[in-house]
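Here is a short report on one protein chain. Please keep the sequence and the 3D view open while reading.

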Amino acid sequence: MRWSSAFIPTLRDDPADAEAISHKLLIRAGFMRQLMAGHYSMTPLGFRSLRKVEAIVREEMEKIGGQEFRLPSMHPKEIWEKSGRWDSVGEEMFRLQDRKGADLALGMTHEEIFAFHGTELRSYKALPQIWYQFQAKFRDEARPKSGLLRVREFTMKDSYSFDLDQAGLDHAFDQHFEAYRRMFKRFGFEIVAVEASSGVMGGNTSIEFMLRSDAGEDWVAACGQCGYAANVEKAESVLPSVEDGAGLAEPEKFSTPGVKTIDDLAKMDGGASPDRQIKTLVYKIDDKDVLILLRGDHQLSEQKLIDQVQSEAMRPAEIGEVKKLLGALPGSLGAVGRGELFVIADEALRGRKDMVTGANEDGFHLRGVDVDRDIDVKGWLDLREVKDGEGCPQCQKPLSVYKTIEVAHIFKLGTKYSEAMGAKVQNESGESVHLVMGSYGIGLERNLAAVVEANHDENGICWPMNIAPYEVCVTVVKPKDVACHEAGERLYQDLSQAGLDVILDDRAERPGVKFKDAELIGFPYRVTIGPKGLEQGVFELVRRSDGEKTELKIEHAVETIVETVLDERS
RNA sequence: CGGGCCGUGGCGCAGUCUGGUAGCGCGCUUGACUGGGGGUCAAGAGGUCGUGAGUUCGAGUCUCACCGGCCCGACCA
């Protein structure tokens with residue numbers, strides 16, 4: 001490609017509405033443009049890189065025996081009703097009607113559709129199968145943000161495995177796990193694989209692949225010692241034990257005027273430190289009132305609660321409902337003597353004595369509370385959100401908690417969808433059994449953005465060779481000079497001939513403009529061809545990642561550049 | 001969905017409080033000088049000021065409604 005005839009709309013300033021680095025750089029460097037919130041058009045440069053991401057994913061899928069499909073993105077309501085997800089996914093699914101008034105959905109994932117096609121599998125002899133596709137996914141995100149990191153329309157490679165039994169699924173899952181690791185390596189960033197909550201996907205095991213980044217929105221707890229890592233929606237930790245005093249024979253009410261928070265009570269004379277307090281939250285779970293108890297210095301993880309309580313709908317109670325139920329406002333709530341209510345307590349409260357909690361009377365608390373003696377706990381669950389520095393559940397060393405981008409998610413689904421669609425095969429003994437399924441997703445655009453988040457500097461993007469839109473940029477410093485022009489043209493032809501992706505910057509621009517643009521876009525290598533170099537019989541090769549410059553004798557330039565580029569492809 | 005901020009040439013912004021001929025920088029076009037890190041000079045093109053209604057002699061500016069975008073939170077297979 002000759003730059004003079006290419007559409008590469010670079011911008012001198014950061015776009016005003018971008019925050020995330022990948023968002024700013026992909027816009028500025030001319031890789032994409034926004035159409036509306038959560039929907040981006042890829043420009044030719046962006047599409048080249050996106051196709052390289054896709055090619056890597058496809059290669060790795062083929063390596064594990066994946067077979068590529070292409071499914072419709074518009075689905076009939078009926079198939080989503082069979083799995084129950086027409087209702088359970090709620091507003092996140094785009095829905096529409098055709099001219100006959102039939103209800104349709106834009107696919108946000110394809111478990112139902114692949115399971116539907118899986119019904120044509122009849123015998124164990126046909127197994128295992130791994131089916132995949134690249135397809136646009138539509139999700140009506142409440143808040144699209146951060147450029148390509150959270151959008152409403154994107155391309156996903158989703159694959160589905162079909163096996164006879166759990167052991168088969170485990171194998172397919174492991175194959176995907178390894179394939180994904182290879183993909184990220186080739187993308188040029190390090191990931192951490194974590195245990196995750198499966199959300200409404202169903203199934204019991206899922207693993208997320210996370211890239212550490214401040215632009216992310218998922219928190220991960222990881223142990224540097226033993227390798228334990230989990231999404232905070234799922235992570236556990238061990239706490240130092242707390243020594244309790246003997247306490248009182250029975251709870252004693254005391255006045256706490258103006259105390260509204262854990263902190264207020266901790267600061268008050270005769271109060272209690274947060275780890276000696278019981279925090280009481282009120283939730284409406286399927287219209288039932290439930291009290292949730294945690295230690296005062298602990299935070300509820302709603303996802304943990306959702307994952308452990310079978311419920312259709314859950315929300316915190318409104319303030320009026322709380323007052324009506326317990327007779328007091330938040331700040332003075334407690335579970336003592338409320339045995340008629342369903343009380344769930346976090347494990348960290350088990351066996352605690354001499355605690356302080358609200359008296360269900362504004363401005364009053366109870367001290368000397370013995371959890372086992374005074375509170376009728378119906379269920380003990382791990383509900384606490386893990387915090388930085390707490391002990392690793394495997395090796396007790398301190399955990400670190402940090403922000404990440406979820407770059408892929410793989411699930412062991414089990415038989416949820418094969419049962420819903422009636423996908424069965426006969427096993428060796430002639431019995432009909434439901435297919436055991438897995439599903440494995442990776443978003444292309446998000447991974448493109450992740451590559452940028454992980455590979456950039458103050459001058460722009462630093463593409464790894466595998467993802468770069470062009471591997472080499474040949475910069476002709478003075479295109480009007482015949483010798484320069486011809487040398488550039490010849491090098492461009494030779495490198496292209498050798499199979500490299502190369503762009504020739506033949507624009508009538510100042511050298512500075514060309515250098516800046518090339519750095520902003522982030523070509524891994526750039527060759528400078530100018531009068532000075534020609535006089536000495538050399539080109540200059542500049543590496544984007546560290547700015548290292550090498551002088552190449554003109555007669556050996558092609559050979560050296562080709563070798564360098566091929567070396568870095570993987 | 002709650003809270004906050006913002007819509008003015010392609011991009012970044014000023015002008016809005018206090019109503020009176022729509023501006024600046026960059027980019028773009030043409031020409032000249034230039035040519036190894038966003039150069040200089042000259043001459044140009046480009047805007048229904050998000051949309052609609054209202055107040056006013058007069059609205060980018062004031063009022064109301066709507067639309068769109070960004071950020072925080074809630075939510076997120």
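In which sense do strand β17 (residues 342-346) and β20 pair, and over how many bridges? The pairing is parallel, and 3 bridges make it up. The model behind this report is predicted.

## The open sheet

β17 and β20 belong to an open sheet of 5 strands. Its order is β16-β14-β15-β17-β20, and the pairing is mixed. β16 (314-316) and β20 (379-381) are the edge strands. Each has a single partner strand, so one side of each has no neighbour in the sheet. From one strand to the next, the twist averages 30 degrees.

Strand β10 covers residues 205-212. Of its 8 residues, 6 are buried, so β10 is largely enclosed by the rest of the structure. Buried here means under 20% relative accessible area.

β10 pairs with strand β9 (residues 192-195) and runs antiparallel to it, with 4 bridges joining the two. Here A193 stands opposite F209 in β10. β10 also pairs with strand β21 (residues 399-414), again in the antiparallel sense, over 8 bridges. In that pairing, S206 has F411 in β21 as its bridge partner.

Strands of a sheet pair through backbone hydrogen bonds, and the sense is either parallel or antiparallel.

## Where α2 meets α12

Two packed helices are described by the angle and the distance between their axes. For helix α2 (residues 44-63) and helix α12 (residues 444-454), the axes come within 10 Å and cross at roughly 105 degrees.

On the α2 side, the contact involves G46, S49, L50, V53, E54 and V57. On the α12 side, L444, E445 and L448 take part. By class, the contact has 5 nonpolar, 2 polar and 2 charged residues.

## Domain layout

The domain assignment of chain A lists three domains. Domain 1 is built from separate segments: 15-74, 107-216 and 404-453. Domain 2 spans 252-380, and domain 3 spans 470-568. The C-alpha centres of domain 2 and domain 3 lie 68 Å apart.

Terms used
Residues are numbered from 1 along each chain as its sequence is written. Chains are lettered from A and ligands numbered from 1 in the order in which they are written. This is a predicted model: local features need pLDDT of at least 70, side-chain atom pairs count only at pLDDT 80 or more; totals for chains, interfaces and linings use all residues. Side-chain values use heavy atoms; hydrogens and water are left out. Axes are lines fitted to C-alpha atoms, for helices over the stretch in contact, and angles run from 0 to 180 degrees between N-to-C directions. Contact means heavy atoms within 4.5 Å. Ala, Val, Leu, Ile, Met, Phe, Trp, Tyr, Cys and Pro count as nonpolar, Asp, Glu, Lys and Arg as charged, and the others, Gly among them, as polar. Domain bounds come from an automatic or database domain assignment. Buried means under 20% relative accessible area, exposed over 50%, partly exposed in between (1.4 Å probe, protein chains only). Two strands pair if DSSP finds at least two bridges between them.
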